[in-house]
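Dear colleague,

Please find the structure below.

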Amino acid sequence: MRRDIVHEGARQLTYEIREIVAVAHRLQALGVEITWENIGDPVQKGERIPQWIKDIMVKLVSEDTTYGYVATQGIPDTRRFLAEEVNKRGGCRVTMDDIVFFNGLGDAVAKIFGFLRREARVIGPSPAYSTHSSAEAAHSGYEHLTYELNPAKNWMPDLDDLDNKIKYNDSIAGMLLINPDNPTGAVYPRRLLEQIVDIAKRHKVFIMCDEIYTHIVYNGAETAHLSEVIGDVPGIALRGISKELPWPGARCGWLEVFNQDKYPAFRQYIQSLINAKMLEVCSTSLPQFAIPLIIGDVRYLEHLTARRDMFEARANEAWEILSKVEGTIVVKPQGAFYMTVLFADGVLNNRQHLPIADSKVARFITDSVRDVPIDKRFVYYLLGATGVCVVPLTGFCCDKKGFRVTLLETDDEKRRWTWHTIAENIQKYLASA
Ligand SMILES: Cc1ncc(COP(=O)(O)O)c(C=O)c1O
């Protein structure tokens with residue numbers, strides 16, 4: 001073609017969580033039974049949606065108004081409801097104009113980075129959630145900038161690292177946190193969030209906080225919403241129903257924008273996101289009609305509490321089994337529904353393997369592990385030998401070696417089998433060479 005049509009950032013678009021699926025499908029075709037531990041979809045793993053929520057949906061789909069176009073920024077009554085929810089917390093005050101709906105946070109993230117000035121960078125955590133890190137890298141055309149989460153300190157952010165990186169790189173205009181975190185399951189205490197806000201204030205950068213797991217906090221952890229600690233710093237919280245209802249197929253998430261009235265450039269940027277949405281004519285209406293009815297229902301709190309208890313029990317169960325494996329470091333999750341199993345320094349090499357009985361599967365795995373990071377090598381062998389499909393930590397924009405599992409399997413027997421199978425195979429693999 002006479003012009004190069006590929007965007008400078010195209011190479012930065014990677015999503016290991018899905019890429020591993022392609023490998024697993026090849027193995028499935030070779031007869032391997034796959035245990036999907038790669039994606040954070042509670043429904044796929046058997047979670048049942050409470051009947052009272054389904055009843056609300058049935059009523060909504062029986063009404064004609066549900067089927068029309070709705071305001072692109074989001075249904076006014078729903079935005080008013082969500083603004084009131086923020087104001088009830090007593091921190092930064094917002095109005096319905098500070099609530100902006102998107103087709104899931106995936107869409108929000110694409111717009112947030114797509115409409116950010118190219119030279120303005122956002123620093124995010126490592127390990128990173130790939131949607132953020134890929135979108136930021138693609139927007140800038142360079143590798144994503146990261147600060148470290150420290151496994152020796154329960155995966156808390158290294159604040160000196162964050163502070164220094166922002167101080168010495170004036171292209172950084174914003175910082176991203178995920179609280180509770182994917183993939184580590186860490187939850188940030190209020191004091192730590194206040195320190196992060198202080199760093200943002202000193203360096204005059206905005207804060208983005210992904211709070212999609214905000215109502216999945218357990219094991220005694222305490223935290224705060226960004227709205228409660230942000231003070232007068234410009235900020236955005238990213239919220240959604242994919243994980244907490246759970247309804248990932250709704251493609252419905254929203255931004256809570258803080259202090260846009262105090263910073264004209266920030267307001268202009270937010271306006272550009274809204275203008276970009278306007279081109280789409282409408283936002284996802286059904287979940288938005290449902291939000292005040294579901295979140296405003298007295299049964300919703302009970303629903304959230306039951307899910308917290310469920311994930312706490314599973315986090316503890318997984319930790320009991322996997323933290324005992326020599327050569328790994330496992331921090332007990334306090335939020336979201338993931339756990340990261342880290343390999344201790346030096347325990348992995350590129351000669352280790354697992355026995356695979358089927359010769360076609362064995363050949364596929366030996367071919368696939370050429371030139372891959374050493375944690376991905378383990379993940380591929382685990383997949384070939386047992387069918388358990390986890391995600392390597394190096395796929396999360398991270399130099400540390402390990403992998404992420406989910407806490408989502410609803411079948412108790414299958415879940416325990418999965419943990420024990422992973423634990424046994426780590427031991428076998430580490431002992432193999
Ligand atoms: C931290 C985080 N943010 C956002 C998303 C995606 O949210 P949505 O389904 O609203 O696009 C995920 C999905 O796994 C996630 O882990």
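**The sheet and its edges**

Eight strands form an open sheet in the order β2-β9-β8-β7-β6-β3-β4-β5, with mixed pairing. Strands (E, at least two residues) and helices (H or I, at least four) are DSSP runs numbered from the N terminus, and two strands pair if DSSP finds at least two bridges between them. Because β2 (99-102) and β5 (156-157) stand at the edges with a single partner strand each, one side of each is left without a neighbour in the sheet. Strand β4 (residues 146-150) runs antiparallel to β5 and is joined to β5 by two bridges. Asn150 has Met156 in β5 as its bridge partner.

The model is predicted: local features need pLDDT of at least 70, and side-chain atom pairs count only at pLDDT 80 or more, while totals for chains, interfaces and linings use all residues. Residues are numbered from 1 along each chain as its sequence is written.

**The ligand**

The ligand is surrounded by 14 residues (C-beta atom, placed from the backbone, within 6 Å). The closest are Gly104, Leu105, Gly106, Asn182 and Ser242. Helix α4 (residues 104-114) gives the most to this shell, with three residues.

**The two domains**

The domain assignment, automatic or from a database, gives domain 1 (10-47 + 301-431) and domain 2 (51-298). Their C-alpha centres lie 27 Å apart. The contact (C-beta atoms, placed from the backbone, within 7 Å) takes 37 residues from domain 1 and 33 residues from domain 2. On the side of domain 1 that touches domain 2, the largest share, seven residues, comes from α11.

Yours sincerely

Methods:
Two residues are in contact if their C-beta atoms, placed from the backbone, lie within 7 Å.
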